[in-house]
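Hi there,

Here is the structure I promised to pass on to you. Have a look at it first, and then read on for what turned up.

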Amino acid sequence: MNSPSAHTAAGDWLAEADIAPLLMSYVQITGDAAVLDEYAPHITGPWNFMESVPTSLKDRLREKIACALADMAAGKRAPAAPPSGELLHRMLSVCVGQPVPAEYVPMICHEMGFAGAAPLEVTWRARPPADVLARFHVLIIGAGESGLCTAIKLLALGIPFTIIEKNAAVGGTWLENTYPGCGVDTPNHFYQFSFAPNPDWTRHFSQSREVQQYLDRCADNYGLKPHIRFSTEVLAARYDEASARWQVTCRSARGEETLNARAVVCAVGQLNQPLVPDIPGLADFAGPKFHTARWDHAVDLAGKRVGMIGTGASGMQVGPSIVDTLAHLTIFQRSPHWAVHNPNYHASVPAGMKRAIRDIPHYAQWLRFQLFWASGDGLYESLKVDPAWPAPDQSLNAANQAFRERLIAHMAAETGGDAALMEKIVPRYPPYGKRMLRDNHWFRMLTRSDVDLVDAGIERVLPDGILARDGRFHAHDVLVLATGFQAGRMTWPITIAGRGGVTLRDRWGEDDPRAHLGITVPGFPNFFLMYGPNTNLAHGGSAIFHSECQARYTMLALRELLETGSAAMDCRPEVHDAYNRRVDDLHARLVWSHRLVGSWYKNKRGRVFATTPWRLVDYWNMTRTLDPADYHFTKA
Ligand code: NAP
């Protein structure tokens with residue numbers, strides 16, 4: 001990011017607004033497209049730190065937009081028609097400093113509300129009678145972001161629903177994960193509902209509490225809370241073929257009860273059951289020990305010797321956040337992870353930018369598009385295996401290799417080139433094989449004298465510390481398990497039984513979940529998964545974007561069911577199987593299947609079950625319509 005000039009006649013606050021969205025807002029307000037040519041050569045990528053627009057040009061733009069805003073306020077300027085066609089396409093490309101392929105334009109128009117495109121809301125073609133709607137009840141399991149998203153869409157269609165939530169508040173993962181440093185690593189102005197933008201994010205990448213509060217506000221603003229049964233856990237959901245209803249058994253302080261629903265949306269996520277590793281002696285540790293997702297805030301870490309097992313996304317956020325208070329931190333690394341530097345990661349959103357989001361017409365949309373593109377499909381091609389690539393163990397292709405070199409250069413700079421440390425921390429698999437992390441000052445932390453990185457493996461845990469496989473003992477007062485989640489046992493521990501009493505566990509085994517579009521499973525009529533198999537985003541994007549795709553598809557399904565007066569719809573097995581073959585075929589050529597990569601994306605047999613193989617644009621297109629022929633409908 002260029003440093004903003006200290007003062008412009010247009011006002012300091014405008015100097016804090018990112019230049020590319022400001023430029024696009026100006027063009028959209030005034031229709032003055034001639035300025036695009038002037039600025040385009042200086043915008044070379046989608047992040048705000050990828051522009052080098054000269055200060056004089058920036059100042060001129062700020063003056064111009066200030067005048068345009070003043071004219072609007074004085075009623076001297078009518079809103080211009082939204083850009084479309086060639087102009088819109090050009091603006092999209094200039095905004096992100098890259099050519100935006102035409103196939104993206106329809107999605108972008110709908111998602112960002114450009115060119116006058118309405119958001120892709122599902123509406124009735126023939127609204128069912130009120131009494132039919134009133135009798136159709138949907139039960140949503142989970143009040144995290146995807147459950148709330150589903151509820152908001154049901155509300156819009158007037159379909160009654162109840163959310164069952166095991167916790168006492170909304171937020172799911174953002175409620176449960178309170179470990180120090182916990183935060184989102186997708187930029188927040190994109191990691192938010194498209195229909196509920198928050199102009200007040202305090203950071204570009206906010207901490208978990210702020211995300212939970214945002215979700216809580218959404219629940220309030222949409223009036224969802226009266227529909228939520230808090231502190232109630234779903235134990236089982238069983239489909240009754242005779243009545244075409246799901247019987248959902250729940251447990252709360254009042255005891256157990258069974259609710260009836262015409263449809264169930266399972267929105268429990270992939271990452272809600274902590275994985276406590278099966279390490280010999282772990283139960284014998286005498287001091288406090290806890291998983292990152294169950295952080296024990298009663299334990300005072302000041303002056304303690306802490307052992308942390310795990311170096312994934314959670315560990316990467318915890319370590320640097322606690323290290324200053326500790327006497328010593330020992331990190332047990334089973335395999336190193338790649339981590340990328342982003343200058344915005346720790347930065348606050350300046351007041352001027354918040355004001356621009358609020359007050360400048362179209363600015364928020366262009367900012368969202370910029371971040372959508374920055375964290376979108378741009379990398380996807382570089383995650384494909386080039387069969388002719390000569391060094392397939394370290395990278396996949398030339399772009400992936402170039403990225404690898406940039407990551408290593410960053411590590412070397414942060415560690416001062418410490419060769420022994422570099423030997424431990426440079427992964428021996430291609431970048432993006434595991435989840436790409438954001439460097440949270442992790443590498444710099446590893447150079448501290450009060451931090452040890454142990455990669456020898458753990459022999460066993462003893463009451464007062466950890467014995468490593470190299471024979472060295474590490475004394476600890478507290479153990480932190482940053483060891484991830486039981487993602488493969490998707491929907492566990494809830495028993496979900498479809499037709500004939502067959503359960504998802506019967507169908508999937510311990511760790512091989514599959515679904516059509518990650519949403520529907522044959523034999524489980526009127527049952528929809530949010531963030532289901534092969535929908536985790538690992539190349540980019542935002543989980544909330546994906547939730548909106550899945551909620552849209554679910555609404556299309558419910559609309560079909562209700563408008564046709566059907567009792568049940570069940571995904572055809574051949575459709576499901578063909579889809580999953582396509583998923584597997586694509587994955588065979590993508591980085592997540594790489595033979596040197598072990599990750600929570602893969603099951604024991606090496607099949608990638610968690611992560612999507614699709615580009616965002618593919619999945620958006622696949623879920624924007626529903627083909628009734630993909631389902632078997634049962635008449636009421
Ligand atoms: P994770 O990525 O699965 O990392 C778990 C870590 O524990 C890995 O380093 C793993 O080693 C290690 N581990 C597991 N079992 C072990 C054992 N028996 N012995 C030694 N080490 C062991 O889990 P996570 O860090 O909680 O992240 C999970 C996912 O949650 C992320 O990928 C991301 O999708 C999400 N998340 C997101 C954010 C964010 O947005 N900022 C933050 C946290 C989590 P190996 O690598 O060798 O398997």
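β10 and strand β13 (residues 451-454) run parallel to one another, paired over four bridges. Within that pairing, F332 has V454 of β13 as its bridge partner. Please keep in mind that this is a predicted model.

β10 also has a parallel partner in strand β9 (residues 305-309), and five bridges join these two. One of the pairs to look for is V306 with its bridge partner L329 in β10. To get from β9 to β10, the chain passes through helix α11 (residues 313-322), making a right-handed β-α-β crossover.

How many of the five residues of strand β10 are buried? Four are, so this strand (residues 328-332) is largely enclosed by the rest of the structure.

The other place I would point you to is the second largest pocket, which holds about 430 Å³ of space. It is lined by 27 residues, and those closest to its centre are E111, F193, S194, F195 and R368. Sorted by class, the lining has 14 nonpolar, seven polar and six charged residues.

The largest share is that of α13, with four residues.

Happy browsing, and do write back with any thoughts.

Best wishes

Note on methods: Residues numbered from 1 in each chain as written. Predicted model: local features only at pLDDT ≥ 70, side-chain atom pairs only at ≥ 80, totals over all residues. Heavy atoms only, no water. Buried < 20%, exposed > 50% of the residue type's maximum accessible area, 1.4 Å probe, protein only. Pairing = 2+ DSSP bridges. Right-handed = clockwise from strand over helix to strand, strands pointing away. 1 Å grid on protein atoms, 1.4 Å probe; cavity = no way out; pocket = protein on both sides within 12 Å on 5 of 7 lines; lining within 4 Å. Points joined across faces, edges and corners; volume = space filled by probe spheres on them. Nonpolar A, V, L, I, M, F, W, Y, C, P; charged D, E, K, R; others polar.
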